[in-house]
Amino acid sequence: MVHAALSGQPGAFAALVHAHQRLVWLLVQRLVRDPEDARELGQEAFMRVSQRLHQFRFESSLRTWIGRIATSVALRHLERQRLPTVEIDEALPLPAADDTAAEVDARQQHERLRDAIDALAPVPRLVVTLFYLEELPVAEVAALTGLPDNTVKSHLARSRARLRQHLETSR
């Protein structure tokens, strides 16, 4: 894919973007939280990928390399902005009349967990999302974020404690 894009084959870079756009969106959106900013930063990340594709050395996977660029773009944006993040409205559906108490309780637990994750700082929120929701191994989370493995593990441990505390107090 890289060689095809570098040689200018028609549609090659578009295929590269298509293969990695979900990852870039996930990384940028979980850090920045504002959908408009996330779209712009996703485009900026792919512009940087395009500009620097010739520098890709095949020492890591293309996914990891693109993920690091996206994370870097989003973190630089946060450093420049220092503004409060905008919450994305991900409202759960209202309980239907025929929902069981267990289904309603499960929705409420899901909502509390989502709120607890949203309350985390940007980097821990991203690490938790990649590890628990995307089910990536610590090594890949570290590679995508540019953090050492032990730092990822520390973020996970502290985040678990914060999530536990948040969930216990929100009962």
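The axes of helix α7 (residues 138-145) and helix α8 (residues 149-169) come within 9 Å of each other and cross at roughly 105°. That makes α7 roughly perpendicular to α8, a label for angles of 65 to 115 degrees; under 35 counts as roughly parallel, over 145 as roughly antiparallel, and the rest as oblique. This is a predicted model: local features need pLDDT of at least 70, side-chain atom pairs count only at pLDDT 80 or more, and totals for chains, interfaces and linings use all residues. Residues are numbered from 1 along each chain as its sequence is written, and side-chain values use heavy atoms, with hydrogens and water left out.

**The α7–α8 contact**
- On the α7 side, the contact is made by Val138, Ala139, Val141, Ala142 and Thr145. On the α8 side, Asp149, Val152, Lys153 and Leu156 take part. Contact means heavy atoms within 4.5 Å.
- By class, the contact has 6 nonpolar, 1 polar and 2 charged residues. Ala, Val, Leu, Ile, Met, Phe, Trp, Tyr, Cys and Pro count as nonpolar, Asp, Glu, Lys and Arg as charged, and the others, Gly among them, as polar.
- Axes are lines fitted to C-alpha atoms, for helices over the stretch in contact, and angles run from 0 to 180 degrees between N-to-C directions.

**Whole chain**
- The chain has 8 helices and 0 strands. Helices (H or I, at least four residues) and strands (E, at least two) are DSSP runs, numbered from the N terminus.
- Of the 171 residues, 37% count as buried. Buried means under 20% relative accessible area, exposed over 50%, and partly exposed in between (1.4 Å probe, protein chains only).
- Among contacts with a separation of 6 or more, 64% come from residues 24 or more positions apart.

**Helix α2**
- Helix α2 (residues 12-32) has 21 residues. From first C-alpha to last, α2 reaches 29 Å, close to the 30 Å expected at 1.5 Å a residue. The expected span is 1.5 Å times one less than the number of residues.
- α2 bends by about 50° at His20. The bend is the angle between axes fitted to the seven residues ending there and the seven starting there.
- Arg33 follows α2 and has a positive phi, near 75°.

**Two residues**
- Trp25 lies in α2 and counts as partly exposed, at 36% relative accessibility. Beyond its neighbours within four places in sequence, Trp25 contacts Arg30, Pro35, Ala38 and Arg39. Trp25 and Ala70 are 45 residues apart in sequence and 8.5 Å apart in space, C-alpha to C-alpha.
- Ala4 is found in helix α1 (residues 2-6). At 17% relative accessibility, Ala4 counts as buried.
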